[in-house]
Amino acid sequence: FAQLPILTAARHLLEQGFATGASDRNWASYGQQVTLPAGAPDWQRKILTDPQTSGGLLVACDPAAVPAVLEVFSRQGFKYVSPIGKLVAGPAGVVVNP
């Protein structure tokens with residue numbers, strides 16, 4: 001996970017046991033479709049399923065368009081943008097890489 005200041009602060013709080021109840025409810029709802037890295041600590045699962053961080057932040061585009069999309073975000077003042085994954089054929093699910 002990126003070491004952005006907000007994520008560092010969130011990690012610190014999660015490691016102390018602070019998390020939203022919705023994080024566990026979200027995991028119960030769709031966690032069976034998510035593959036986490038072996039040995040992933042519980043705080044990572046909780047931040048992935050926290051309703052404040054798990055939605056509304058995704059843009060999907062053709063791989064060839066990634067540089068142009070990142071440039072648009074940069075021009076608009078978004079400091080922390082990064083490609084985070086790719087779509088592949090197969091059963092529905094999410095694989096989180098370390």
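Select Asp50 first: in this predicted model, Asp50 sits in the loop between helix 3 (42–49) and helix 4 (66–75). Display its surroundings next. Leaving aside residues up to four places away in sequence, Asp50 touches Thr20, Ser23 and Asn26. Asp50 is buried yet has no salt bridge. The nearest side chain of opposite charge belongs to Lys46, 9.1 Å away, whereas a salt bridge requires a nitrogen and a carboxyl oxygen within 4 Å.

Now select Lys46 itself. With which residue does the side chain of Lys46 meet in a salt bridge? The partner is Asp24, at 2.8 Å from N to O. This pair links distant parts of the chain, with Asp24 in helix 2 and Lys46 in helix 3, 22 residues apart. Lys46 is buried, its relative accessible area being 14%.

Arg45 lies in helix 3 and Asp24 in helix 2 (residues 21–30), so the pair ties together parts that are 21 residues apart in sequence. Is Arg45 buried or exposed? Arg45 is buried, with a relative accessible area of 13%, while Asp24 is partly exposed at 37%.

A salt bridge joins Arg11 to Glu15, with 2.8 Å between the closest N and O atoms.

For the aromatic side chains, select Phe73 and Phe78. A search of the whole structure finds one aromatic pair. Phe73 and Phe78 form this pair in an edge-to-face arrangement, 5.7 Å centre to centre and with 75° between the planes. Phe73 counts as partly exposed, at 24% relative accessibility.

Finally, clear the selection and view the entire chain. It has four helices and two strands, following the pattern α-α-β-α-α-β along the sequence. Of the 98 residues, 14% are buried. The chain exposes about 7500 Å², of which carbon and sulfur atoms supply 61%. Among contacts between residues at least 6 apart in sequence, 62% join residues at least 24 apart.

Definitions and conventions:
Residues numbered from 1 in each chain as written. Predicted model: local features only at pLDDT ≥ 70, side-chain atom pairs only at ≥ 80, totals over all residues. Heavy atoms only, no water. Phe/Tyr/Trp six-rings, centres within 6.5 Å; stacked < 30°, edge-to-face > 60°. Buried < 20%, exposed > 50% of the residue type's maximum accessible area, 1.4 Å probe, protein only. Contact = heavy atoms within 4.5 Å. Areas by Shrake-Rupley, 256 points an atom, 1.4 Å probe, with all protein chains shown as cover. Lys, Arg positive; Asp, Glu negative; His and termini not counted.
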